[in-house]
Amino acid sequence: KKYPVEPTPDKALVMASVAPEVVVEGTVAAPLGGDALVEGTVVSDPLGGDSVVAGTVVGADHPALLSLPSGIRYIRAPQLGHLRTSPLTSTDAVVDVFALDRSLFDAANAAKRRVHVCNGNPGTLTVEESLCANCGLCILPWTAFLFLGYCAPQVRNACCAPHKDMHWPPWAEHALIVTDKGVVGRRRTRPDRDRGSKLEHYQRDVNAIAWDGFDVDKIEVRRYSEDKGCYICDDPPLHPDPLSYLLGFGILFPCFWKVLCKPTTPGLYHAKIVSAHQTEVSHGDSSVDLNTAEISLIALARTPEDLLESLRAAKAKYEAPAAAAMDRSHAPPPATSGDSGPKMAVRGGCSVM
């Protein structure tokens with residue numbers, strides 16, 4: 001039975017089916033097996049109390065989860081350095097969804113167009129791995145020896161791979177999915193490639209991170225309109241960034257960064273959630289540590305403050321019970337040669353982009 005109510009300040013933004021006290025703007029969780037939630041109505045909650053609908057209805061078997069490729073696993077907190085995972089299923093309870101904003105997305109495409117010659121990767125909101133994007137042209141003595149290496153990507157991007165806007169993605173309404181077990185999103189802001197579940201986590205389009213697998217306080221956020229004009233002896237946040245270009249100066253390595261071009265659209269920001277576990281990827285005699293899972297977020301409709309506060313509240317509510325449930329229900333996968341040390345070693349020449 002449904003009763004019309006007047007939303008009150010303490011209930012208008014309440015997410016009620018699993019965590020009535022967690023405040024998440026614009027969404028409410030649907031009780032499993034319960035009545036459909038309709039805006040402006042009160043629906044009984046399985047754990048007791050009433051819930052006021054404030055926006056999008058979410059719950060188990062959510063379309064956002066049903067549309068994901070198979071084989072996705074939550075990356076958990078490492079235990080003695082070993083990788084631990086748990087499967088993502090369509091029955092996981094969705095407790096919040098973050099969507100993209102179309103006007104901010106268009107502004108991001110416009111910003112990417114202005115820095116495309118240096119950042120490359122047409123048709124996406126990503127930045128290519130190159131000396132030009134990572135370092136710039138003013139790092140002595142490397143500039144003198146590697147001048148062609150610095151300039152070649154710019155010539156290619158200008159002549160052979162011109163800018164293309166990224167199309168509005170089919171997952172725009174659920175760019176970040178928050179479940180009772182963790183967060184799910186795209187590793188890069190680009191069209192999905194459907195590269196298959198047999199690839200390593202860092203090679204997949206979609207990553208998931210369990211609540212115990214990341215620290216909310218370590219989420220990097222770059223607010224473009226509030227960004228500084230230069231960075232002295234300090235690494236710029238989320239560098240290299242797909243929507244801006246910074247020129248580095250220094251000897252042997254950059255110690256000063258000058259922001260040459262950046263978006264100025266109010267409300268446009270770039271955030272990244274990364275897993276605590278890292279994967280060591282070896283190429284011949286060299287190796288690099290990559291985040292086993294990460295989620296890149298550009299042009300979200302909700303503010304960065306809302307993002308961080310919502311994730312912090314949900315993590316406080318769900319981390320302990322989710323970890324306990326994963327420990328009971330899912331035994332860790334068999335150890336491999338890559339799981340024998342503090343990091344998982346992967347050898348090969350696979351591209352990480």
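**Figure 1. The loop around Pro240.** Pro240 sits in the loop that runs between strand E14 (230-232) and strand E15 (245-251). The model shown here and in the other views is predicted. The peptide bond between His239 and Pro240 is cis, with omega about 0°. Most peptide bonds are trans, and most residues other than glycine have a negative phi. Leu238 lies in this loop between E14 and E15 as well, and its phi is positive, near 55°, although Leu238 is a residue other than glycine. Leu238 counts as buried because its relative accessibility is 6%, against a limit of under 20%. Pro240 has a relative accessibility of 23% and therefore counts as partly exposed.

**Figure 2. Contacts of Pro240 across the sequence.** Which residues does Pro240 touch, leaving aside its neighbours within four places in sequence? The contacts are with Val127, Ala133 and Asn134. For one of these, Val127, the separation from Pro240 is 113 residues in sequence, while the C-alpha atoms of the two residues are 7.0 Å apart in space. For the chain as a whole, consider the contacts between residues at least 6 apart in sequence: 71% of them join residues at least 24 apart.

**Figure 3. Leu80, with a positive phi.** Leu80 is not a glycine, yet its phi is positive, at about 55°. The residue is found in the loop between strand E6 (73-75) and strand E7 (85-87). Is Leu80 buried or exposed? Leu80 counts as exposed, because its relative accessibility is 78% and the limit is over 50%.

**Figure 4. The four-stranded sheet with E15 and E16.** Strands E9, E15, E16 and E14 make up an open sheet, in the order E9-E15-E16-E14, with mixed pairing. Strand E9 (138-140) and E14 are the edge strands, and each of them pairs on one side only. From one strand to the next the twist averages 20°. E15 and strand E16 (residues 253-261) run antiparallel and are joined by seven bridges. Within this pair, Leu246 has Val259 in E16 as its bridge partner. Strands of a sheet pair through backbone hydrogen bonds, either parallel or antiparallel.

**Figure 5. The three-stranded sheet with E17.** An open sheet of three strands has the order E13-E17-E20 and antiparallel pairing. Strand E13 (220-223) and strand E20 (294-298) are at the edges; each has a single partner strand, so one side of each has no neighbour in the sheet. Neighbouring strands of this sheet are turned against each other by 10° on average, direction ignored. Between E13 and strand E17 (residues 269-274), which run antiparallel, there are four bridges. The bridge partner of Arg223 in E17 is Tyr269.

**Figure 6. The hairpin of E18 and E19.** Strand E18 (residues 278-283) pairs with strand E19 (residues 286-291) in the antiparallel sense, over six bridges. The two strands form a hairpin, with two residues between E18 and E19. Gly284, in the turn, has a positive phi of about 65°. Glu280 has Asp289 in E19 as its bridge partner.

**Figure 7. Cysteines.** How many disulfides does the count come to? The count comes to zero. Cys159 counts as exposed, with a relative accessibility of 59%. Cys230 has a relative accessible area of 31% and is partly exposed.

**Figure 8. The kink in helix H7.** Helix H7 (residues 304-329) has a kink of about 45° at Tyr318, shortly before the proline Pro321. Tyr318 is one of the buried residues of H7, which also include Leu307, Leu308, Leu311, Ala314, Ala322, Ala323 and Met326. Asp306 and Lys315 are also among the buried residues of this helix.

**Figure 9. The whole chain, for orientation.** The chain has seven helices and 21 strands. Of its 353 residues, 49% are buried. The accessible surface comes to about 16,600 Å², and carbon and sulfur atoms account for 58% of that area.

Note on methods
Residues numbered from 1 in each chain as written. Predicted model: local features only at pLDDT ≥ 70, side-chain atom pairs only at ≥ 80, totals over all residues. Heavy atoms only, no water. Bend = angle between axes of the 7 residues up to and from the residue. Buried < 20%, exposed > 50% of the residue type's maximum accessible area, 1.4 Å probe, protein only. Contact = heavy atoms within 4.5 Å. Areas by Shrake-Rupley, 256 points an atom, 1.4 Å probe, with all protein chains shown as cover. Disulfide = S-S within 2.5 Å. Pairing = 2+ DSSP bridges. Axes fitted to C-alpha atoms, helices over the stretch in contact; angles between N-to-C directions.
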